[in-house]
Amino acid sequence: MQRVEADPSPPAVVRRRCPRGGLILRADSPAGHVYLVRTGQVRVFALAESGAEITYAVLGPGQVFGVAPLLGLPVYRVFAEALRRTEVWALPADRLRRALPQDTALLDLVVAALGRRLALAEALLRDVALLPVALRLSNALARLEGGPGGAPPRLSHEQLAGLIGARRETVSRAAAAVTATPAGDG
Amino acid sequence: MAPTAEKLWYLRQVDVFHGLSDEEVEEMGPMMEPRTFRPGELMVGPGTPPQRIYCVKRGHVRLFHRGPDGRELTAGVVGRGSLLGVSALFGPAQEGFLFAAAGTEVLVCVGDGWAFLRAISRWPRVMLNLAVQLGGQLVATELQLNRVAWGDARTRLAAALYGLAREAGDEVVGGGWRIRAALTHAALAQQIGTTRETVTRLLAGLEAAGFVRRDGRRIVVVDPQGLAAAFGLLEDA
């Protein structure tokens, strides 16, 4: 990931440009910054004990990730990777915590971004727990289609499986069934 | 206590309002109306007014998802001081919403969600409290998502008991936390997405391992830290 420049205005923002596939943050690393997506798309995911990836969100411009330091957590819980060429702002957590109580506009942005992330996580939880795989897949694709950051990202079946709590093989079968369904059938 | 004074007293107990002066809390009074729900009554669901904010003044509220086949998954149980309905303001309408039902008799202050957000945006301390609360809920929801997708039923049960003890439990003399609500095995099964028989078997295992014990119809989490460590749960920061 390429560090571009430091913005001297508080809180000192570091703008970072990441190529497609670049890892922006790593779970269990020290949580020193909160990140804001400026352009591009970012996938936020965690690793299950089995090693499988579970995708929590695909984020676009205006959305935040890496909020662990705002909650007083010493390390990140998640990984984040750029799905395409992406620019993020890294906001130093200590300066952000000092600036937030004086900056209502920044607070509005953070509350709205966290509210959207929470609504998305709640919808994903409902899908994974209560819907059949085909419906989960269709909901996930609709969210990606309507999501921020330009054209929907091209996710592998493995990554789609991690987004809907299913196995890759099951996603491949469900995707094939959708493709094979004649137009106008259902 | 006069009704208005009582309402303001309760508003002061809401977590996100910590740090506000009495005068500032009083400004919130006119936009929030008291409302009582009977045990089991649906507070948020199809047919209830959308985009409302609920400040829980008394009792316990069960938050849950409901699938098209009627199955339910409990997302959490919250009590006095909690604020409900914020995420629904930001989610697309077609995504549906988190249901809420009264677990006991519940007293809330309820108001229009966007008017509430406009009002509190004047107070950075309250917005900061709300941001931290939303962030905490986000972490909890993602952890539950991870467990539902990939965790085994034993881990999901341990996480549910730990969460209930932490959020809706009382400290027990001699150690541990007693979950206030008397939970049936069927209710726990609904919460973690398994069968009642599985919960009965797994609960006996957790009891034998010394993580929990029964106290009448209630469950005591004897060693919350030990439980969290054994199952890789996120402890309070």
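This is a predicted model: local features need pLDDT of at least 70, side-chain atom pairs count only at pLDDT 80 or more; totals for chains, interfaces and linings use all residues.

Biologist: What is the phi of A:Asp28?

Modeller: As background, most residues other than glycine have a negative phi. A:Asp28 has a positive value, near 75°. Elements here are DSSP runs numbered from the N terminus, helices being H or I with at least four residues and strands E with at least two. By that naming, A:Asp28 sits in the loop between strand E3 (23-25) and strand E4 (33-39) of chain A.

Biologist: And where is B:Gln51 found?

Modeller: Look in the loop between strand E2 (42-44) and strand E3 (52-58) of chain B. B:Gln51 has a positive phi too, near 55°, and is partly exposed at 39% relative accessible area.

Biologist: On to the interface: how many residues of chain A are in contact with chain B?

Modeller: Contact means heavy atoms within 4.5 Å. Here, 40 residues of chain A touch 37 residues of chain B. A second view is buried area, the accessible area (1.4 Å probe) that two parts lose on being put together, summed over both. Between chain A and chain B that is about 3,700 Å², with carbon and sulfur atoms giving 74%. A:Leu118, A:Leu125 and A:Leu130 supply 19% of what chain A buries against chain B, more than any other three residues.

Biologist: How many residue pairs in polar contact does the rule find across the interface of chain A and chain B?

Modeller: A polar contact is a pair of N or O atoms within 3.5 Å; within protein, one must be able to donate a hydrogen and the other to accept it, and residues adjacent in sequence count only if both atoms are side-chain atoms. The rule finds five such residue pairs across this interface, both residues at pLDDT 80 or more. On chain A's side, the elements giving two or more residues are strand E5 (42-47), strand E6 (53-59) and helix H2 (104-130). H2(A) brings the largest share, 21 residues. By class, that side has 28 nonpolar residues (Ala, Val, Leu, Ile, Met, Phe, Trp, Tyr, Cys and Pro), eight charged ones (Asp, Glu, Lys and Arg) and four polar ones (the others, Gly among them).

Biologist: How many salt bridges does the rule find across that interface?

Modeller: A salt bridge is a side-chain nitrogen of Lys or Arg within 4 Å of a carboxyl oxygen of Asp or Glu. Two cross the interface, while the count over all chains is 18. B:Glu142 meets A:Arg117 at 2.7 Å, N to O, and also A:Arg77 at 2.8 Å. B:Glu142 is buried at 1% relative accessibility, whereas A:Arg77 is partly exposed at 21%.

Biologist: Which residue forms a salt bridge with A:Arg143?

Modeller: The partner is A:Asp127, with the closest N and O atoms 2.8 Å apart. This pair links distant parts of the chain, A:Arg143 in helix H3 (residues 133-146) and A:Asp127 in helix H2 of chain A, 16 residues apart. Both count as buried, A:Arg143 at 17% and A:Asp127 at 2%.

Biologist: Last one: which residues are buried in helix H7 (residues 185-192) of chain B?

Modeller: An α-helix has 3.6 residues a turn, so residues three or four places apart point the same way. In this helix B:His185, B:Leu188, B:Ala189, B:Gln191 and B:Ile192 are buried. Their arc, taken from the directions from the helix axis to the C-beta atoms, is only 160°, which puts them on the same side of H7(B). Among the elements they pack against are H5 and helix H8 (196-208) of chain B. Just after H7(B), B:Gly193 takes a positive phi of about 70°.

How values were computed:
Residues are numbered from 1 along each chain as its sequence is written. Chains are lettered from A and ligands numbered from 1 in the order in which they are written. Side-chain values use heavy atoms; hydrogens and water are left out. Buried means under 20% relative accessible area, exposed over 50%, partly exposed in between (1.4 Å probe, protein chains only).
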